[in-house]
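This report concerns the model shown below.

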Amino acid sequence: MDTVSFKYIAIGLMSIGMLGASIGVGNIFSSLLNAIARNPAQENKLFQRAIIGAGMVEALGIFAFTLALILMFQ
Amino acid sequence: MLLNPFHQFEITPLIKLSIAGYDVSFTNASLFMMLGIALLLTFIYSATRKASIIPGKLQCAAEILYEFVESTLIGSTGKKGKIFFPFVFTLFNFVLILNLLGMMPYGFTVTSHIIVTFILAAIVFTIVILTGFIKHGLHFLSLFLPNGTPLWLAPILIVIELFSFLARPISLSIRLAGNMLAGHVLLKVLGAFVAMMGMIGFLPIPLMVIMVGFEIFVAVLQAYIFAILTCVYLNDAINLH
């Protein structure tokens with residue numbers, strides 16, 4: 001295995017990091033659906049909080065994706 | 001032909017200047033920042049020029065923007081946070097207009113550069129720390145030791161809280177820069193597919209349309225998240241927990 005293929009193996013391994021982000025976002029929105037089902041009057045407030053939380057969680061997935069991109073075009 | 005998707009982020013100097021050996025040229029990044037501020041000022045000025053009690057359409061748009069930022073600030077910090085409204089309003093609109101200018105064709109995304117977002121996050125962090133120390137003095141450091149922790153847990157908890165506090169400007173800046181960078185690189189890679197596929201190059205185009213729509217949503221959302229995290233950090237400084 002030459003050194004170039006190690007780079008591509010590293011890129012593939014980096015992309016596994018997005019798995020955590022997707023599970024996190026799914027968690028947030030599943031609890032949002034549960035909460036809206038229990039209390040539909042608070043839908044707006046809950047949705048705002050969910051969007052904030054999803055933005056923060058997705059950022060960590062984007063960190064992993066950004067590192068993979070930087071590796072790919074290095 | 002391997003088209004480089006990072007070519008769109010290159011900073012090219014338009015007017016070369018240098019002061020005392022430092023390169024302070026007017027670059028395309030500076031041009032887009034000035035263009036964003038000019039657009040913003042034009043909008044706010046023309047919307048509030050003939051301000052009437054019953055607003056017309058343009059004034060209504062500016063009022064919606066104002067009330068949106070005001071409600072997030074007051075919702076996070078309470079009445080004491082009203083003094084920070086110009087700061088949060090400027091920050092939110094600056095990031096929003098820069099993100100949206102990046103989505104225009106041939107537009108340069110200034111906020112995809114980590115140096116720009118790092119300076120914005122450093123300004124927020126400095127204002128949070130200064131507010132905390134001016135308002136509360138050394139009692140501000142009680143932020144790191146929540147009420148009712150047992151004494152044996154205190155040293156470890158202070159270290160953990162300190163590091164999570166110091167991670168705030170880093171995460172704030174990398175979140176914005178990473179989202180913008182990743183989105184635009186993805187669009188360029190999809191565009192390279194369209195260019196390389198020749199005759200059947202129209203096939204990835206619906207996907208590109210969906211991705212452009214998603215990127216506009218992410219641009220607005222990331223500006224909102226930057227603003228609301230600023231409000232949350234200001235709340236930590238003004239009302240200690």
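## Contacts and fold of chain B

Two residues are in contact if their C-beta atoms, placed from the backbone, lie within 7 Å. By this criterion, among contacts in chain B between residues at least 6 apart in sequence, 63% join residues at least 24 apart. The model is a predicted one.

Chain B contains six helices and four strands. Read from the N terminus, the order of its elements is β-β-β-β-α-α-α-α-α-α. The C-alpha trace of chain B spans about 70 × 55 × 45 Å along its principal axes. Of the 241 residues in chain B, 27% count as buried.

## The largest nonpolar core

The largest nonpolar core has 45 residues, and those that touch the most other members are B:Val88, B:Leu91, B:Phe92, B:Val95, B:Ala223, B:Phe226 and B:Ala227. Two or more residues are given to this core by α3 (43–72) of chain A and, in chain B, by α1 (28–47), α2 (57–77), α3 (85–103), α4 (114–136), α5 (154–196) and α6 (205–238). The largest share, 13 residues, is contributed by α6(B).

With which residues is B:Phe92 in contact, leaving aside its neighbours within four places in sequence? They are B:Val69, B:Ala223 and B:Ala227. In soluble globular proteins, nonpolar side chains tend to be buried together.

## Helix α3 of chain A

Helix α3(A) comprises 30 residues. From its first C-alpha to its last, α3(A) reaches 42 Å, which is close to the 44 Å expected at 1.5 Å a residue.

The buried residues of α3(A) are A:Ala54, A:Gly55, A:Glu58, A:Gly61, A:Ile62, A:Phe63, A:Ala64, A:Phe65, A:Thr66 and A:Leu69. Within chain A, the buried residues of α3(A) pack against α1 (3–15) and α2 (18–38). In chain B, the buried residues of α3(A) pack against α5 and α6.

## The side of chain B that touches chain A

Contacts between the chains involve 14 residues of chain B and ten residues of chain A. On the side of chain B that touches chain A, the elements giving two or more residues are α5 and α6 of chain B. Of these elements, α5(B) gives the most, with eight residues.

How do the residues on this side of chain B divide into nonpolar, polar and charged? Eight are nonpolar, five are polar and one is charged.

Technical notes. Residues are numbered from 1 along each chain as its sequence is written. Chains are lettered from A and ligands numbered from 1 in the order in which they are written. This is a predicted model: local features need pLDDT of at least 70, side-chain atom pairs count only at pLDDT 80 or more; totals for chains, interfaces and linings use all residues. A nonpolar core is a set of buried Ala, Val, Leu, Ile, Met, Phe, Trp, Tyr and Cys residues joined through C-beta atoms within 7 Å. A residue is buried if 20 or more other C-beta atoms lie within 10 Å of its own, exposed if 12 or fewer, and partly exposed in between; C-beta atoms are placed from the backbone. The expected span of a helix is 1.5 Å times one less than its number of residues. Ala, Val, Leu, Ile, Met, Phe, Trp, Tyr, Cys and Pro count as nonpolar, Asp, Glu, Lys and Arg as charged, and the others, Gly among them, as polar.
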